[in-house]
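Please examine the model shown below.

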Amino acid sequence: MSDQTDLLQGTLDLLIMRTIALESMHGWAIAQRIQQISDDLLRVQQGSLYPALHRLEHQGWITAAWGASENNRRARFYSLTRAGRKQLTTELSKWERLSAGVSLVLQRT
Amino acid sequence: MRVWHILRARIRSLLLRERREMDLSEELRLHIEQEIERLRASGMSSEAARRQARRTFGGVEQVREACRDARGTATVDALVRDLRHSARRLLRDWQFSAATVVILGLGIGANTAIFSVVNAALFRVQPFPDPDRLVDIYQNRSNSDGIDASSYPAYRDMAEYTDVFASTTTASVPNTVNYRADGAVRPALAEFTTPTYLTVLRLRPSLGRWFDAAEDTRGTAIVAVLGHQAWVRKFGANPSVVGRTIRIEGVPVTIVGIGPAGYNGTVNLGIVTDFWLPVSAIPALGGPPRALERRPEEAPFLVKARLRDGVTVAQARAAMTALATRLAAEYPQEDSGKGISVFASSEVRIHPQLDTLLESLAAVLVAVVGLVLAIACSNLATLLLVRGVARAREISIRLALGATRRQVVRQLLTESMLLSAAGGAAGCLVAWWATRLLRALDLPIVVDLSLDYRVLAFAVALSLVTGVAFGLAPALTATRIDLIPTLRDGGDARSLGGRLTMQNALVVFQVAVSVLLLGGTSVVLQMLGASRIQRAGYAIDGVAMLETDARYAGYSATDGRRVYEEMRRRVAALPGVESAVLTRGLPMQTSGTRVVIEGVQAAAQPVVVASAIWAGPGYFDTLRIPILYGRPFDDGDRADSPRVAVVSESMARAYFGVVNAVGRRFRLEPDANGWIAVIGVVRDTGTADLQGDLVDPTPRLFYRAFAQWSQSPTTVLARSSLGAASLVGAMQRELRNVDATLPVISATTMERYLGDSLTVSEAVAMCLGTLGAVGLCLASIGLYAVVAFTVSRRSREIGIRMALGARGRQVVWGVARQVGVLVGVGTGVGLTLSVLAILALRAVAAPAPGVTLYRPTVDPLALVSIAALVALVGVTAACVPARRASRVDPVVALRS
C-alpha cells in the first residue's frame, strides 16, 4: 500500500505542478484539468489531491491565495512559486529520463 | 533559505491552527459543491448528484487528517492529543496517579534537600579569578607524615620566595571572638590575615577597602574588614558601618571595609567569617601569647600564594622543600622533621586531611538518600508494571484497532513523563519545604541552603530519568503482548509469572532498604541516648549560669578578676544558692590540647590529646562530681604555687595506667618545662564541646585552675535549691548591681543549655528517622500495590476455590502467606545488612587523633522492634486486598 502511494505521490506532485504552471487554479479545477487532458485516463482521488497540495505548499513550491471561482465562490487558488518552477524543471527532466529508461527496458527485453 | 521557509511555515501553521482548520473545511466543501454542480450539469438529479459527489470524495475526516500530516504539524498535534488522553487517563486513575506523585515527590524531594546541603557544604566552589595559579601551602607535622598548618614565621619565610610567588598571604584558622555593637555582645568568627589577602585571591571588597601594611603593625589602632554576610545579616547592610568603631573582645576596632560578596572565608566549610583583622592585632585581642612564634600547634595559619607567570606547581614544591630543609637546620627545636607540602588550590577543598573525611561523610549521606530514591524508583517501577499488566487488555484492543506499536509506546511514555513531571514538581515543593525546615533547625554550621539551579537541574533530571526508565520498560513489555490469548482470556496468566517475580523482588528490596534505614536511625538514637545518660555525670537540676565579659565594661585583667570574684560572692549569698563557682566559657565546654606524660618516652608515645576545663575552687561540689582520689582545687593553688590539675578517671586510666594517679605529672606539649602535678581524680562526666558533644563516652579530661594560668573566668555557675529558672533572673540582677555596664553574653539554666547543645545529633536522628519512615511508607505502598494486584489477578482462581468450598479465612490466609514471605525475606535481608553495617562502623578507626567515633553496639531489642514495626506495616498494607479477596463472589468471578 505504502509503496504504491509513494510512486503515485511523486507523479501526482509533478502533474499538479505542471497543471498550475500556466495559471493559478483551485483544487477541484486541477483535478478536472488533469482528468480532461489525460482523456479521462487519469482520475485524481480527492483523498490524495488535497494532502499533496498542502504538502507542496508546505514545502514552498506552490503558494495559495483566496480568490473568486468561475461561479463567484470563495476558492483557494494555487500557483507555482519561483522555487516551484525550478523544482518543476528538475522533476520534468527526471521524469523524462525515468520514462525513457523504463520504455527502453520494456522494448528490449 | 528553504529550511527557513519550512520553519516559518511550520510555526505559522502551528500558530494559526484554528484558521487553517477552517480554511481546509471551506476548501473541501467547495470541492464537493463544484462536483455536485458538475454532475447536475451532466443531467443528474440534485439528490443523486449529492450522493455521487460524496461517494467519490470519500471520508472528509481522513482527507483532513492527511492534510494535517502533510503540513508536518502531525507530531505536535499527536503530542497534544497524547497529552490530553494521558491527562484524562491519569485523572481517572487518580489513586494510582496520586500514589505515584507522592512517591516521586518524597523520593526526589528528600534527594534534592540533602543534595542542597551537600552541594552547599562541598561542591560550591569559591569563586576566584585565575584559580589554576593559586596554591595552598602547609607545613607538615613533625615526626609523622601528617599535613598540618604553618606557623606565622614560617609564612614570612615562604613569602620571601618572590621569584616563585607573585603574592602570598596567610590567614589564621578562624576562631571565636565576641564583639559588641548596638549594646549587645555576640559571638563572631574572626580570621587574622595579611594586607595582601585579597590581592592573592584577586577579589575586591564590596565596600570600603582592605587594611594596608601600615595598619598591620603592632601599636597602631586596630582596624577590621567585616564579612559581607555578617554585614547583611547582623548590620542590616547599612553602608555607614564602614568607618564605625565597635568593640571586639573589649578592644575598640574600626571597620574599614566590607568583604567580597559571596565569599565566606578561608575555610570553606559551612562557616562564615565575620571579621578579618591584621595579624598584628592577635596579642591585643587576647590571642595566645606566643601566637607569632614558630608554634603552629598554638596558632595555626593557612598559607595561600599566587604563582608567578611561568612557574609550575612542581617548581614551587621544590622551592618549599628547600625551605623546609633550611628551617629544619635553623630551628632544630621547632621545625626539625617538618616538610612543607604545596597543593594546587583547585585540588584542595578545605584541608587535605579534612577533605577525605568530608568526602566520605558526603558519600554516606548521598548513599542513604540514594537508598530512599532507590526505594521510590523501584516502587514506581512496581506500580507501572502492575498497571502495565492490568492494561494489557486495553492495549491489545488498541493494537487490534490498528494503532501501531509506536503510537501505543508513545502514548504510554507520554503518560509516564507526565507523571514524573508532576512528581518532579511535587519533589521541588517537598525539597523547598525541607530546606526551610533544615534552616529553622539552627544547625551549628551556616550553609547557604538556597535551592540553586544545579539542585533544580538535579531534581528535574532525576524525575525525567525515572519517568523514561520506568515508563519505557513496562511500555515495551505491554506492547509485546500476544494479541489473541489476551483478548480471549481477558487476562495474561502465562506471562504473569515472570513479571510477578520481578515485582516480588522489588518489594523485598524496598522492605530490606527501609529496615536498613530504620536500623541506622536506631544507631543514632542509641548514640543520643548514650550521650544523655553520660550527662547524668553531673548536676543539672537547679544549676544556672551567667556569662559576661568584664573587658566591655572597661576593666583591666586584674580588675576584671576582682569583679568576677565579687559577682561570685554575691551569687553565693543569694537565698537558696547552695554553691557558686567561677569557670571559663560555658560549663563542661572543653578544648583539646596535646599533652606529654612524664616518664613515657616521647618517641614511643603516640599523640596524646586531652580536653581541658577551667575550674575555680568549689567546681566539683557545685556540679556534684564525685572525687575518687586526692583533693579538689583550693585557695592555696595560686599563681606562685606549683601548677596542679584534677583529671578524670578515664584520663588517669588511659595515660597513667592507674585510676589513682595522684602525684603523677604531665605537661602541655608546647610547654617544655611546665610540669603539672595531678592532685585529684574525679568520676567521668560528659563534656559539652562545640562539635556535638556526644561522640566520646569516656572523655579524657583534666581540670585546671585559672588562678595559676593568668586566665580570666567569664562565667558564674551556681546551684540553687529553689530551682534554676528563678536563679537565672536573680543572677542577672546581681550582675547589674555589680556594674550596670557589664554585658550579659549568656544567661540560662543547665537544662536548657544541654537541650540546645544536642540539636545536631537530634537533627541527624530526625533526618535519618524521617528517611526511614519515608522508606517504610513507600515500601508499604509498594506492598499494597503488589498484593492488591495479585488478588485481583487471582480473583478467578479464588472464585473457583470458594465455589469448591474454600472459606474466606483460608483465602485470607493464602494472601497473608504471600505478604508474610515478602515481608519476612525483606526484613531478614535488611536486618542482616543492618548488623553488617553496625559491625563495619565498629571497625572504623578514628580519622584523626583527638577525634573519637562512637562505636555502636548491636541492639537486639531495637532490631526486634524494627522487625515488628515492619510486620505491622505489612499487615496493614495487606489488610484491604485480603478482605477484598475473602469477599470474592464465586458466581461473579467465574462468569467474568
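In this predicted model, strand 12 of chain B, residues 543–548, is joined by 5 bridges to strand 21 of chain B, residues 715–720, and the two run antiparallel. Within this pairing, Glu547(B) has Thr715(B) of strand 21 as its bridge partner. Strand 12 of chain B also pairs with strand 22 of chain B, residues 744–749, again in the antiparallel sense and over 5 bridges.

How many of the residues of strand 12 of chain B are buried? The count is 6 of 6, and the strand is accordingly described as mostly covered. In a regular strand, side chains alternate between the two faces of the sheet. For strand 12 of chain B, one side carries Val543(B), Met545(B) and Glu547(B), while the other carries Ala544(B), Leu546(B) and Thr548(B). Both faces are covered, since every one of these residues is buried, that is, has 20 or more other C-beta atoms within 10 Å of its own. Glu547(B), the bridge partner of Thr715(B), is therefore among the buried residues, as the criterion of 20 or more neighbouring C-beta atoms applies to it.

The contact between the chains is a separate topic. In chain B, 22 residues are in contact with 14 residues of chain A. Helix 1 (2–15), helix 2 (17–41) and helix 4 (60–71) of chain B each supply at least two residues of the side that touches chain A. The largest share, 8 residues, comes from helix 2 of chain B. By residue class, this side of chain B comprises 9 nonpolar, 6 polar and 7 charged residues.

Technical notes: Residues numbered from 1 in each chain as written. Chains lettered and ligands numbered in written order. Predicted model: local features only at pLDDT ≥ 70, side-chain atom pairs only at ≥ 80, totals over all residues. Contact = placed C-beta atoms within 7 Å. Helix = DSSP H or I, 4+ residues; strand = E, 2+ residues; numbered from the N terminus. Nonpolar A, V, L, I, M, F, W, Y, C, P; charged D, E, K, R; others polar. Buried ≥ 20, exposed ≤ 12 C-beta atoms within 10 Å, placed from the backbone. Pairing = 2+ DSSP bridges.
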